[in-house]
Amino acid sequence: MPSWPTETKYISHPTLRVDAVPKVTGRARYSSDIQADGWLYGMILRSKWPAAKILSVNLDKARQVPGIKAAVVARDGEFTVRYYGEEIAAVAGTTRQACLDALRAIEVKAEPRNEFAVNENEARKDDAPQVWEGRSNVAAGPPREHGNVDQAFGECAAVIEGFYTTPVQIHNPMETHGNTVSWTDDGVTAWASTQGISSVRDGLAGALQLDQSKIRVITDFMGGGFGSKFGAGVEGMLAAQLSREAKAPVRLMLTRFDQALAVGNRPSSFQKIKMGAKADGTLHAFEAENYGTAGIGAGADSGGGGGGADLTMPYLYRVPNSRVKQSHVAVNAGSARAFRAPGNPPASFGMESAMDDLAVKLGMDPLAFRLKNDSNEIRQREYAIGAEKIGWKEKYQKPGSSPGVVKTGIGCAGAAWPAGGPSRSTQGEAQINPDGSVEFRLGVQDIGTGTKTVIAVVAAEMLGLKPEQITVKVGDTNFPPGPGSGGSTTCASVSPTVYDICQRGLQQLLKQTGVADARGKNWFAACKKLGVNPLVVHGNWIEGLSNRPAYGVQFAEVAVDTETGLVAVKKIVAVHDCGLIIDTLTLESQINGGVIMGMGYALYEERVMDDLSGVVLNPNFETYKLPGIADVPEIEIVLLNMPERGVIGIGEPATVPTAAAIGNAVANAIGVRVGSLPITPAKVLAALGKVPHVATT
Amino acid sequence: MKAFEYTTALSTDSARELVADKGVYLAGGNDLLGLLKDYLIPGPNILVNVKSLPGLNRIERGANSWTLGALVTIAQLEGDTDLSKVFPGLHDAASEIASPQIRNVATVGGNLAQHSRCWYYRQRDVPCLKKGGDLCYAREGDSRYHSLFSGNDCISPVVSSLGTTFAALDATAVVLRDGKETRLSMAELYQKAWTEPTAHHSLNPGDLILRVEIPTARTASAYLQVSDKHTFDWALVSCAAAADVSGGKLNQSRVALGSISPVPHQVEAANAFLDGKALDDDIASQAADLILKEARPLEHNAYKVPMAHALIRRTLLKLKS
């Protein structure tokens, strides 16, 4: 059985990103920077109706706009659009303005449907307009039940009932979705902003009816995806068609406006939870009814993890008597896609809120209540560490008892990401040159988390070199295939693969050069003995070096202005484990990012749909609010290094518990629960009973 | 955006001539470019760059009044240490506007003349009342950022925090109109937005704001706002107050609120009530009651009533310090 070295120079130490300098100097070229010879801008015409039958699309006038080289329809013949922003046609031209003018010149004949439903609570009514003709908007799975729930509630010392809701969250990676696609007689090259070059290649091959061998996907650098960028997307297919027609590469990057409509989101949740515990604090009875929307459907691009609205309930806890009912509600809005820890942040918010509410009713400390009911040994340790760091003993107070107008409070919540773990089919190769330089090539992509650095760190450790002596190439389907970057799987996939490549490389070096241990100080002498030809070795993911799942807990401290309702997060303590740590620096960055994203979910982010017009009201960063520097608190990270567990990913668990911890801290501060994310000043004032009642029209 | 001509004016008279009846003035451009990109305004056939107009980028300090040229940037206001002593409320208002990058180019004139930020107005495919449509979608829909007061069916609020602060300071905008200088109080500058759904202010096409004059009679001023976020976010409610404070008592008191009405919201009865009073929680609270008495909250914006009440009290109490 292989094992990781116990004494390490780079593994579990901080290493600066290998591409830090090109990234901060702007030399790194993202998909949106690609300027292939003769490239054109591409742009999409989207539906301005939330529901309509498209009778015809006439591109003649668009083609006549000066500078326009191609125009295509999204679908042939008559078709139906089911949300505001669905693709209708696309154009390619020499300037952005030419494309904008051409979009306005396209003539669309449509029969708008006046009846549609863009919000879950409207769409789930019996008489709601149907998003899919002839099908109910509500799809309910069978209830899941064990034990005797009704009897068990009678045996509880305390029972709470709560309604916890989470909004639709939009992915909004800093780099928008898009591709530059060049379609020539030789095949298709796509520079894609993707977290899955292989899935983009296969998707394009299927849609364009080309051999997979005729398609090459390149992703040198990419600016985030969070689960929404596994496929080429409609925008990728349209770029390819435009390129074929124009006989030129087409760069079709979406705008921030497009981003809010059509390329994914996290489903909402509306969780009615009833939960009871015995007098000693043991959870005994649980009942939940949850519904949420994934837009018009979960969508083909949801990738690993799925974009459905179901939640794992009762999440981290085992309750002997439990009944769970869940349903999905279709609405006339863009489809959900996998979003960083699909299902987990909403489940965490609902369940961890209910845990605190029940602890308060029982008269128990919420932390003690968790320790009593959470059987996971790693989280138990993490809670103890986090409690010490945040000062739980000194700071936890009876809810609402903080004096003054600005009240402080603390809260905590636990995380899990059971779906992580490696992709076992990961492959890679290294080319060891006679001059001692070495290049690793893996058909994985660096979504921005530091995958290239992870490869360099592991290779340096195994070969006795420095990370900067390792050249890392990823993001090219010409390399041996790697996994999609999603589900916290990448690090656990590539680390054992690089280990295997290195072991095979050293064995082969021994065979060809006779150098018994080619590592470290012997490296260059050994390589020189290779003679003229470089050595290329192939490796695979191997068993025994990686693992799943990761856990983690977070604590939040907040200050709430009870007159204005404004919440300020003062501090987050994030205690996380991910087995053997590869690079502490990129790991901490992952956790910082997860916490900040969780903060956005807690306090700011929410897609707002308008019932009357059917549009997204906040398709920009002005009103789709994200945390800024001034909003971000001190984040204290504590890492548990567990080499004995092997490598585990951290992307998902880092963002799971943040919103729940902040929500619990707010409830602890003001003494009432704000059960609806985001926790805005308006909702805080309402929870405090300060908002005058206004009759609804 | 649609095609337009572009030119630079070197005098106010030529600027007016060049803009004719279908052009617009370009200063910082923060609002204008957004309007053009989203096709929210008809035309224009020409953009007249006014950034080179002489003398309009200066802050002039007088004994009885200060004059801010219309091209003075928000960053200039924020960075002027004398101004922060004479008009601390104005300094605080300036420092809350947008981001440092925007404050570097945004101007006093542009801030006053900006259009509504209503998310229905700004949505390119919603034919709302403010764009000349038949319906105020906010009244039927999500009005969380909208007005508690309005004299017409449109409930999109004024968001110029300078306009609100100038109102409290009783400042006057000097506008080039029909070839001569016209003086408008802040109430007059926005009055048309109170009555006409499609109006953002009272300026006519071709009117050019030249400068703002602020009397120094009020020795104390303050400004506060609350937003969803801590910076770079529009105010949910903003409040400015100014008064001559002597012997602990207020005189010439003025309070104005932003983001709750199409105009800077001022209630004369509250101003009169405050005059001659020594400030304490109770007096401030009574003033807030008067200011918000006629509020007509909707389901989604009713939270602005307690929020505004708290802000009025806090802003007034800041006048003491």
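Residues are numbered from 1 along each chain as its sequence is written, and chains are lettered from A and ligands numbered from 1 in the order in which they are written. Because the model is predicted, local features require pLDDT of at least 70 and side-chain atom pairs count only at pLDDT 80 or more, whereas totals for chains, interfaces and linings use all residues.

Chain B contains 13 helices and 11 strands, where helices (H or I, at least four residues) and strands (E, at least two) are DSSP runs numbered from the N terminus. The C-alpha trace of chain B spans about 55 × 50 × 35 Å along its principal axes. The radius of gyration of chain B is 19 Å, in agreement with the value near 20 Å that a compact globule of 321 residues would have; this quantity is taken over C-alpha atoms, and the globule rule is 2.2 Å times the number of residues to the power 0.38. Of the 321 residues in chain B, 53% are buried. A residue is termed buried if 20 or more other C-beta atoms lie within 10 Å of its own, exposed if 12 or fewer do, and partly exposed in between, with C-beta atoms placed from the backbone. Residues are in contact if their C-beta atoms, placed from the backbone, lie within 7 Å. Among contacts in chain B between residues at least 6 apart in sequence, 65% join residues at least 24 apart.

The interface involves 26 residues of chain B in contact with 29 residues of chain A. On the side of chain B that touches chain A, helix 8 (137–140) and helix 13 (304–319) each supply at least two residues, and helix 13 of chain B gives the most, with 4 residues. By class, this side of chain B has 14 nonpolar, 4 polar and 8 charged residues; Ala, Val, Leu, Ile, Met, Phe, Trp, Tyr, Cys and Pro count as nonpolar, Asp, Glu, Lys and Arg as charged, and the others, Gly among them, as polar.

A nonpolar core is defined as a set of buried Ala, Val, Leu, Ile, Met, Phe, Trp, Tyr and Cys residues joined through C-beta atoms within 7 Å. The largest such core has 220 residues, of which A459(A), I662(A) and V666(A) touch the most other members. Neighbours within four places in sequence aside, I662(A) is in contact with G411(A), A556(A), V558(A), V569(A), M599(A), A602(A) and L603(A). Another core, of 94 residues, lies apart from it and includes A330(A), Y624(A), C128(B) and Y137(B).

Helix 17 of chain A (residues 658–670) has 13 residues and reaches 19 Å from its first C-alpha to its last, close to the expected 18 Å, the expected span being 1.5 Å times one less than the number of residues. Because 13 of its 13 residues are buried, helix 17 of chain A is largely enclosed by the rest of the structure. G671(A), with a positive phi near 80°, follows this helix. Strand 19 of chain A (residues 406–414) is also largely enclosed by the rest of the structure, since 7 of its 9 residues are buried. Strand 19 pairs with strand 24 (residues 553–561) of chain A in the antiparallel sense over 9 bridges, pairing being assigned if DSSP finds at least two bridges between strands. In this arrangement, G409(A) stands opposite V558(A) of strand 24.

In helix 13 of chain A (residues 451–463) lies E461(A), which counts as buried with 23 C-beta neighbours inside 10 Å. Beyond residues up to four places away in sequence, E461(A) touches P5(A), T8(A), K9(A), Y10(A) and I11(A).

Most residues other than glycine have a negative phi, and most peptide bonds are trans. A cis peptide bond with omega of about 0° joins M313(A) and P314(A), and P314(A) is found in the loop between strand 17 (283–292) and strand 18 (321–329) of chain A. A cis peptide bond also joins L677(A) and P678(A), with omega of about -10°; P678(A) is placed in the loop between helix 17 and helix 18 (681–687) of chain A. In chain B, D178(B) is not a glycine but has a positive phi of about 50°. D178(B) is in the loop between strand 6 (172–177) and strand 7 (180–185) of chain B and is exposed, with 10 other C-beta atoms within 10 Å. Q252(B), found in strand 11 (residues 249–258) of chain B, has a positive phi near 50° and is partly exposed, with 16 other C-beta atoms within 10 Å.

Terms used: Two residues are in contact if their C-beta atoms, placed from the backbone, lie within 7 Å.
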